[in-house]
Amino acid sequence: MLAYIIRRVFQSALVLLVVGLVAFSMFSFVGDPVDNMLGQERTQADIERLRETLGLDQPFVVQYWRFLEQAAQGNFGLSYRQGRPVAEILVERLPATLELAFVSGLMALFGGIALGIFTAIRRRGVSANIIMTASLIGVSLPTFLIGILLIYLFSVELGWLPSFGRGEVTRIGNWTTGFLTTSGLKALILPAITLGLYQMTLIMRLVRTEMLEVLRMDYIRFARARGIREKSVNFRHALKNTLVPVITITGLQLGSIIAFAIITETVFQWPGVGLLFINAIQFVDIPVMAAYLMMISVMFVGINLIVDMLYFAIDPRLRADRTAGGH
Amino acid sequence: MKKTAFLAAALLAGTAIGASAETLRWARAGDSLTLDPHAQNEGPTHTLSHQMYEPLIIRDMTGAFQAALATDWAPKADNPDVWVFNLRQGVTFHDGADFTAEDVVFSINRAKSENSNMKELLNSIVEVRAVDDHTVEFVTDGPNPILPSNLTNLFMMDKGWAEANDSVDVQQVEAGEKTFASSNTNGTGPYKLVSREPDVKTVLTLNEDYWGNDAFPLDVTEIVYTPIQNAATRVAALLSGEVDFIQDVPVQDLNRVAQTDGLVVKTAPQNRVIFFGMNMGADDIENDNVEGKNPLADVRVRRAMSMAINRDAIQQVVMRGQSAPAGMIAPPFVNGWTEEMDSASKTDVDAAKALMEEAGYGDGFSIQLDCPNDRYVNDEAICQAAVGMLAQIGVTVNLDAKPKAQHFPLITNGETDFYMLGWGVPTYDSEYIFNFLVHTRGSDRGSWNGTGYSNPELDEMIVSLSSETDLDKRNATIQAIWDVVQEEQLYIPIHHQVLNWGMAEKVGTEVSPEDDPKFKFFTMN
């Protein structure tokens, strides 16, 4: 067990290092930060001086090494764009993204399961078919378009919900939350729908397919034959057996909700890390880009590591391999 | 971290007090980069600073000079190397300290220091000295007739405040330092900083002790500034009434905004001209199909390419009327601009073909055009239109459109043969254009001249402008330089950009050519 975990942790660390290396080798293609940092009146001498002090004249491997050295001491440098410590900016921006991801994740999970069950049980009903057709929109329309359409309908035409930003936020320690104010909650609705719609339709279709499969099983037929109430058959016997793959998918999707909030955050001017990253790319703010990419890869690697360990705990076959010598 | 709580309280208090306070909710695409007034020479940064800090002289909303912290200024009668500025009396900083000559001396020296991004504008200043509490002398390294134009974004800080808060030096991002002045302000301006979260929200409130309380409308008593990057969202926020005033209205949404009840769009020419540059200096250029020579080195080819561009079509189709076709690379506000030169560009495909034939390129050639895709209004679409137009005279153009962060280094490093560039002229004088775009590329001048053009005689004339005090003579030289630039077809001018501001009907303002609203001039009905 311990050896397995150590090996997995080691592999994860290796993945992180490689991600960082790839990221740093790409930064030179994003553009030249010096151009943005100095005004149009700058001279060649200014450019060279700045490039040297920033270490941009060094090969990317050296830049990467410097980044690692600093990062190991918990120092992610100063944002070229804002002139503030990157760690401070990330901590400031992370709550917005996490709250948004949390709400859209919940919405996707519960909405998806409920609609999936409904469309499976009433698979020939009119409303179920309407829902199935509509779900195609969720799968096929690009996020930014959904966002713009929602803004147009609910902010411009109806005037019910705000079109941008987080509303009033309350600060609790280092955390800012929009959950405690009306404007904060209202501001959450449209971005959460935009971000969660794809995941919701995905889960819904998954639940429906699994459910249809399960409903055809013999034990369901026998349950019906025994005269067990329809409700109990559907929810106690059938649903339980459909949830295993749903939970696996949900776990994996959680990471992507956080990582791919970029587009939703840009459309709604949501002050989270995704918007920060877009700004960083446009400005070639290397310290912010590097820290963000490392943070996202730590998150993905971390989720995978936990999943692997869970499998190890759940699946006896993995352990059997290790202990095979005992037979 | 108490800031937000304080802000919330302030907002609650504000709503409770009621109607007399006029809040202006303002959105534009980008945020200010820093509150340190000398750390960045960039539009949105200066715009925010202008509400809290003041220079000696400002430009009003039409672009004309107006006295701010200086009441009058003139070169010394017996010595043209010295400018004398008389300072406004009775001005105080937000913290109550008096504004005096020593603050001017301090601020100018700070802006001239190594880390400052404003220092290039002050190159000619050798010394600044306080004569008395309200008189300052600027000593330049020779007569500098246009010194005042370089001071309109040069903000005055309080010496005592900067010293007390460890902000004497301009912030140096590369050294990893964060300074007090980059997140706090103490100016003499009409508004005071209440709270600021970079990229999210900045709140300013009226400075009750402002020296100009009776001289300006000052109807706006509170400013809430939120950057909204996505153009569609920005327009939606205006349409839904969540903001009162936006800059950067996309051309395709102008009608939508103008036709909405309670909203107006105001339009004015911007101080920015869009043009193509050509690498004529190289012996052979990289990305063409002509071996051993450079077709762009032939003035007939350059002229033919300019004649092939149909500027009216670009204006109507690409820009939906939101541009003014250009014949020279100076915006109309600039000293040296003439209507005659600006209407010089004529479209004539047949004549262009004949010129190509004459130059020996009757069968045309192919070349790569580098274009930004996130910098100017419809930049990539303009380039696409030009590709089709140049094809008519046999010039096959491969378009390579990139984000600005990748595009501009190509020009400054001389790695492009054919490129798009836009230029604004903050000093409102042709010398600025010549220094950067016409002078031979060197350490001090010509940094944006990607054409490889070098004409020592012209260089000498350009350098002479900086110290010529006889304005008539100076203007004659400017005209002579323009004649050469036009004759050589150094650049292919396309158009002057037009600025659009969208606002609620109650907001009253002119559109400033620099795209920098100064809210003390705004009225609210």
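Into which domains is chain B divided? The answer is domain 1 (23-244 + 506-524) and domain 2 (272-497), with bounds that come from an automatic or database domain assignment.

## Ground rules

You are looking at a predicted model, in which local features need pLDDT of at least 70 and side-chain atom pairs count only at pLDDT 80 or more, while totals for chains, interfaces and linings use all residues. Residues are numbered from 1 along each chain as its sequence is written, and chains are lettered from A and ligands numbered from 1 in the order in which they are written.

## Chain B as a whole

Let us start with the overall build. Chain B contains 15 helices and 19 strands; helices (H or I, at least four residues) and strands (E, at least two) are DSSP runs, numbered from the N terminus. Chain B has a radius of gyration of 24 Å, close to the 24 Å that the globule rule gives for 525 residues, so it is as compact as a globular protein of that length. That radius is taken over C-alpha atoms, and the globule rule is 2.2 Å times the number of residues to the power 0.38. The C-alpha trace of chain B spans about 75 × 60 × 45 Å along its principal axes.

Of the 525 residues in chain B, 50% count as buried. A residue is buried if 20 or more other C-beta atoms lie within 10 Å of its own, exposed if 12 or fewer, and partly exposed in between, with C-beta atoms placed from the backbone. Two residues are in contact if their C-beta atoms, placed from the backbone, lie within 7 Å. Among contacts in chain B between residues at least 6 apart in sequence, 70% join residues at least 24 apart.

## Where the two domains of chain B meet

The centres of domain 1 and domain 2 of chain B, taken over C-alpha atoms, are separated by 33 Å. Their contact takes 12 residues from domain 1 of chain B and 12 residues from domain 2 of chain B. On the domain 1 side, the residues divide into 5 nonpolar, 7 polar and no charged. Here Ala, Val, Leu, Ile, Met, Phe, Trp, Tyr, Cys and Pro count as nonpolar, Asp, Glu, Lys and Arg as charged, and the others, Gly among them, as polar.

Two loop residues are worth a look. B:Asp166 has a positive phi of about 60° although it is not a glycine, and its place is in the loop between α4 (159-164) and β8 (191-197) of chain B. With 11 C-beta neighbours inside 10 Å, B:Asp166 counts as exposed. B:Leu218, also not a glycine, has a positive phi near 50° and lies in the loop between β9 (201-206) and β10 (222-227) of chain B. B:Leu218 counts as buried, with 21 C-beta neighbours inside 10 Å.

In helix α15 (residues 471-487) of chain B you will find B:Ala476. It counts as exposed because it has 12 C-beta neighbours inside 10 Å. B:Ala476 and B:Gly336 are 140 residues apart in sequence, and their C-alpha atoms are 9.0 Å apart in space.

## Chain A and its record

Chain A has 14 helices and 2 strands, and its C-alpha trace spans about 85 × 70 × 35 Å along the principal axes. Buried residues make up 36% of the 327 residues in chain A.

An unreviewed UniProt entry lists "transmembrane region" at residues 12-30, 100-121, 133-154, 243-270 and 290-314 of chain A. UniProt positions are given in the numbering used here, feature names are shortened, and annotations may be inferred rather than shown by experiment. In the model, residues 100-121 of chain A are 100% helix and 0% strand, with end C-alpha atoms 31 Å apart. Residues 133-154 of chain A are 91% helix and 0% strand, and the end C-alpha atoms are 22 Å apart. UniProt also places "domain: ABC transmembrane type-1" (unreviewed entry) at residues 94-311 of chain A, a span that is 80% helix and 3% strand.

## Helix α3 of chain A

The buried residues of helix α3 (residues 44-54) of chain A are A:Ile47, A:Leu50 and A:Leu54. They cover an arc of only 75° around the axis, which puts them on the same side of α3(A); the arc is that of the directions from the helix axis to the C-beta atoms. What covers them includes α2 (33-37) of chain A. On the other side of α3(A), A:Ala45, A:Glu48 and A:Glu52 are exposed. Just after α3(A), A:Gly55 takes a positive phi of about 75°.

## Where the chains meet

The contact between the chains takes 43 residues from chain B and 46 residues from chain A. On the chain B side, α1 (3-17), α5 (231-239) and α12 (404-412) each supply at least two residues. By class, that side of chain B has 19 nonpolar, 17 polar and 7 charged residues.
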